[in-house]
Amino acid sequence: MLPFNRPYATGNEITYIGQAIAERKLSGDGRFTMACHGLLEQLLGSGRALLTTSCTDALEAAAILCDIQPGDEVIVPSFTFVSSANAFALRGAQLRFADSLASHPNLDHHSVEALVTPRTRAIVAVHYAGVACEMDPLRDIATRHGLMIVEDAAQAIGASYRGRPLGTLGDLAAFSFHETKNVISGEGGSLHVNRPDLFARAEVIREKGTNRSAFFRGEIDKYGWIDIGSSFLPSELVAAYLLAQLEAIEDIQARRVAVSRRYDARLGALGAGCGVQMPFLPDYASENGHMYYMVLPDADARARLLAHMTRNDILATFHYQALHRSRYFHAQHDGRALPQADRYTECLVRLPLYADMTADETDWVADRVETFLHTML
Ligand SMILES: *Cc1c(COP(=O)(O)O)cnc(C)c1O
């Protein structure tokens with residue numbers, strides 16, 4: 001069976017993990033964590049990085065930094081991973097789900113302003129497939145209504161919006177280093193803080209609500225409980241793995257983009273000719289090779305394509321189940337139809353894509369998809 005994902009390793013991961021063990025410093029914020037912060041800050045060009053144990057944790061820290069109180073409203077796309085919404089639900093927020101664009105699973109920025117009420121506190125911009133949301137109109141809405149923007153940049157490392165790195169456009173951003181993402185550490189994430197006035201509190205929230213980080217820098221002579229927080233920092237073993245990946249990010253991205261372009265050369269025009277919605281890169285976005293997806297004309301066609309791929313020993317998969325219809329949330333949803341979120345839930349397929357996928361493997365998948373598409377002509 002050809003896997004959907006295969007975690008990539010550069011070879012240096014084990015060397016760095018070995019060094020962390022030999023140096024006998026395994027808890028967080030040692031030299032490997034600091035090196036990762038440095039590389040992330042260099043890659044993004046502005047803002048401050050704080051490693052977390054997951055993107056979910058980074059989003060939970062962001063929700064605390066947004067000062068979300070029970071009853072506050074947060075605008076989130078419905079077609080996203082649970083954590084984009086759950087992090088705010090944990091703080092008692094009422095979620096207002098936005099629909100996706102017809103052209104792309106990203107949230108429809110045109111629909112956002114109508115969702116703003118006096119209780120709205122934040123907009124969560126999820127860059128699906130590493131493709132930027134249309135950020136300037138979102139920033140304009142946020143400025144006029146005094147809202148925070150949190151970027152869920154879980155899939156978006158190394159991609160940009162109008163030449164600006166994703167992760168630097170919100171007040172806060174969250175990256176994921178889960179093994180299914182481009183740059184990985186098994187489980188892992190980082191909180192990117194773009195507002196200097198939020199950084200000190202971010203450090204405290206990440207260290208169980210204490211000012212331990214300032215203590216270790218020698219800025220204060222003892223540390224204590226000064227705020228709410230949690231244990232969001234990863235161990236040096238995780239940071240050591242991640243450092244090897246961040247050092248190789250250009251190579252990793254180039255490999256993934258090459259696979260994605262190879263799929264596109266084989267399938268782009270054919271799919272479009274069969275009424276399949278193929279990946280779309282708006283002129284304001286750059287790609288990072290995170291994902292190759294196809295949106296079939298209906299749920300039945302999707303089921304047939306998934307079955308066809310399984311029969312051919314290839315693991316292709318669907319993606320999110322729209323959150324406004326989820327078992328946890330549907331009774332709280334305000335009842336608005338979100339037809340695009342429903343359509344992506346029912347019709348989207350993702351093809352295998354990983355950094356060391358060979359041209360032969362890519363062609364093998366493309367051949368099978370091509371056979372299927374010919375039955376749709
Ligand atoms: C993967 C992902 C997350 C969660 O990341 P974790 O590191 O597993 O917590 C959140 N949002 C989006 C859009 C994701 O793709």
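1. Let's start with lysine 208, which counts as partly exposed at 38% relative accessibility. Here, buried means under 20% relative accessible area, exposed means over 50%, and partly exposed is what lies in between, worked out with a 1.4 Å probe on protein chains only. Lysine 208 is found in the loop between H6 and helix H7 (212–216). Helices (H or I, at least four residues) and strands (E, at least two) are DSSP runs, numbered from the N terminus.

2. A word on what you're looking at: this is a predicted model, where local features need pLDDT of at least 70 and side-chain atom pairs count only at pLDDT 80 or more, while totals for chains, interfaces and linings use all residues. Residues are numbered from 1 along each chain as its sequence is written, and side-chain values use heavy atoms, with hydrogens and water left out.

3. Back to the backbone. Most residues other than glycine have a negative phi. Lysine 208 has a positive one, near 60 degrees. Alanine 129 also has a positive phi, near 60 degrees. Alanine 129 sits in the loop between E4 and H5, and it is buried, with a relative accessible area of 7%.

4. Zooming out, the domain assignment gives domain 1 (13–248) and domain 2 (250–374); such bounds come from an automatic or database domain assignment. Their C-alpha centres lie 25 Å apart. Across the boundary, 39 residues of domain 1 are in contact with 36 residues of domain 2, contact meaning heavy atoms within 4.5 Å.

5. Now for the sheet. Seven strands make an open sheet with mixed pairing, in the order E1-E9-E8-E5-E4-E2-E3. Strand E1 (48–52) and strand E3 (94–98) are at the edges with a single partner strand each, so one side of each has no neighbour in the sheet. On average, neighbouring strands here are turned by 20 degrees against each other, direction ignored. Two strands pair if DSSP finds at least two bridges between them.

6. Take strand E5 (residues 148–152) as a way in. With E4, E5 pairs in the parallel sense over five bridges, and valine 126 has aspartate 152 as its bridge partner in E5. Three bridges join E5 to strand E8 (residues 172–176), and these two strands run parallel as well. Glutamate 151 has alanine 173 as its bridge partner in E8. Five of the five residues of E5 are buried: Met148, Val150 and Asp152 point one way, and Ile149 and Glu151 the other.

7. As examples, threonine 52 has glycine 189 as its partner in E9, and alanine 174 has leucine 191.

8. What lies across E1, E5, E8 and E9? Helix H6 (residues 196–206) does, running at about 10 degrees to E1. For such angles, axes are lines fitted to C-alpha atoms, for helices over the stretch in contact, and values run from 0 to 180 degrees between N-to-C directions.

9. Aspartate 57, in helix H3 (residues 55–65), is worth a look. Its relative accessible area is 13%, which means it is buried. Aspartate 57 and leucine 191 are 134 residues apart in sequence, yet 8.4 Å apart in space, C-alpha to C-alpha. Leaving aside neighbours within four places in sequence, aspartate 57 is in contact with Thr52, Ser231 and Phe232.

10. Last, the rings. Rings of Phe, Tyr and Trp (its six-membered ring) pair if their centres lie within 6.5 Å; planes under 30 degrees apart count as stacked, over 60 as edge-to-face and the rest as tilted. The count comes to twelve aromatic pairs. One of them joins phenylalanine 79 and tyrosine 128, tilted at 55 degrees between the planes, with 5.5 Å centre to centre. Phenylalanine 79 lies in the loop between strand E2 (73–77) and helix H4 (82–89), and tyrosine 128 in the loop between strand E4 (120–126) and helix H5 (135–145), so the pair ties together parts 49 residues apart in sequence. Phenylalanine 79 is buried, at 2% relative accessibility, and tyrosine 128 is buried at 2% too. Phe79, Phe81, Tyr128, Tyr293, Tyr320 and Tyr344 form one aromatic cluster.
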